[in-house]
Amino acid sequence: MIQQIDASGKPSRQQTFGVAFVGSGSAQLKTVLSNDQLAAVVDTSDEWIATRTGIRQRHIAGPDESVRSLGAQAAAAAIAQANLAPADIDLILLATSTPDDLFGSACQIQHEIGASRAVAFDITAACSGFVFALVTAAQFIRTGAYKNVVVIGADVLSRLTDWRDRRTCVLFGDGAGAMVMQRCEESDRLLSFEMHSDGSLNDCLNATYQHESTPLADEVTTQKGGFVPITMNGREVYRFAVKRVPEVLEKALFHAGLSTSDIDWLILHQANQRILDAVAQRLGIPAERVVSNMAKHGNTDAASIPIAIDEWVRAGKIKPGDTLALSGFGAGLSWGAAILKWGQ
Ligand code: COA
């Protein structure tokens, strides 16, 4: 067990376990939609999209792909990389805003991968979802409740996109990524975290339920409707991101006792290359330490951070012992950061 040191430097009575990050995985989607293809659908161009966002293409889930199938693919790959079997998994957390079933898709993934011992549930925090789920998983591991946890970020935003609205449809794509977190007796590799919400800015980014009153009985109506496509105040979200993301990373680094020069990889939610560049510049982090794959994937919501981690791990760029600074931000509005060391 890891001894917690209290403010006076004495070991406190409360003892907890540490967390290690031992595997990553992501789903391989079949269909790609390029900017040029999109320009045939709405009044836009590859040049506009690439210059304003850094996005060149995105993946779109086909009829046989879903949050369930993509999340399962990513989770299975992460479990294999961690040298575990599905039966070893105690907890599955699925960060998603587009479940196949509004009652949750985590249990569907649990069944699909054969993790029969695991308890599974969904977490909704949009593009902050993966960081919030990772922090939630750490609480269960630190208290000793669970040993092996799979955290998945999976979203099929193409379902919620208005493909006639050029201000939003050029941004989003579908995908899934996953990470295995494990109890560690020797050290705690989650060095710090920060999470924030500001519901007063909620109307900047929404996919709301809209309904009509339908009479049911005397003085009783039910509200029947459905979710409408994404609406966004792009400029407001941009302003929010370039202010809050550096701030939250600075706080998390302070709590970890680190400075920006200690970061090996800055892994932000892949919303817009200009946001990544502005945040990195404000923190003084050189471009070669900033992970960016949005040219290939667009904004995949809760999936973007675990996909980026997995691609960099499998390419041998992220190595055991590397310090990663993650930050998710988006609808809510919500934002958060986690500083961690990769590996056992
Ligand atoms: N293709 C061509 N022109 C477009 C376009 C598109 N896809 N989308 C918008 N335009 C036009 C606008 O109509 C506007 O034209 P006008 O000046 O004639 O009215 C012009 O381009 C500029 O629009 P504006 O909204 O000011 O562009 P921008 O530089 O702010 O970029 C975003 C728009 C959406 C790329 C940018 O605001 C952004 O990335 N915001 C953050 C969004 C985000 O990350 N959301 C997810 C958070 S998780």
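Helices (H or I, at least four residues) and strands (E, at least two) are DSSP runs, numbered from the N terminus.

**View 1. Whole chain of the predicted model.** On that basis the secondary structure of the protein chain comes to 10 helices and 17 strands. The radius of gyration is 20 Å, close to the 20 Å given by the globule rule for 344 residues, so the chain is as compact as a globular protein of that length. The C-alpha trace spans about 60 × 55 × 40 Å along its principal axes. Among contacts in the chain with a separation of 6 or more, 74% join residues 24 or more positions apart.

**View 2. Surface and charges of the protein chain.** Of its 344 residues, 53% count as buried. The accessible surface comes to about 15200 Å², and carbon and sulfur atoms account for 51% of that area. The chain has 30 positive and 37 negative charges, whose mean positions lie 5 Å apart.

**View 3. Buried side of helix α2, residues 46-53.** Ile-49, Ala-50 and Thr-53 are the buried residues of this helix. They lie on the same side of α2, because the arc they cover around the axis is only 100°. The elements they pack against are α1 (35-39), β5 (57-60), α8 (273-283) and α9 (294-297).

**View 4. Opposite face and end of helix α2.** Glu-47 and Thr-51 are exposed, on the face of α2 turned away from its buried side.

Terms used
Residues numbered from 1 in each chain as written. Predicted model: local features only at pLDDT ≥ 70, side-chain atom pairs only at ≥ 80, totals over all residues. Heavy atoms only, no water. Buried < 20%, exposed > 50% of the residue type's maximum accessible area, 1.4 Å probe, protein only. Arc of directions from axis to C-beta. Contact = heavy atoms within 4.5 Å. Rg over C-alpha atoms; globule rule 2.2 N^0.38 Å. Areas by Shrake-Rupley, 256 points an atom, 1.4 Å probe, with all protein chains shown as cover. Lys, Arg positive; Asp, Glu negative; His and termini not counted. Charge placed at Lys NZ, Arg CZ, Asp CG, Glu CD.
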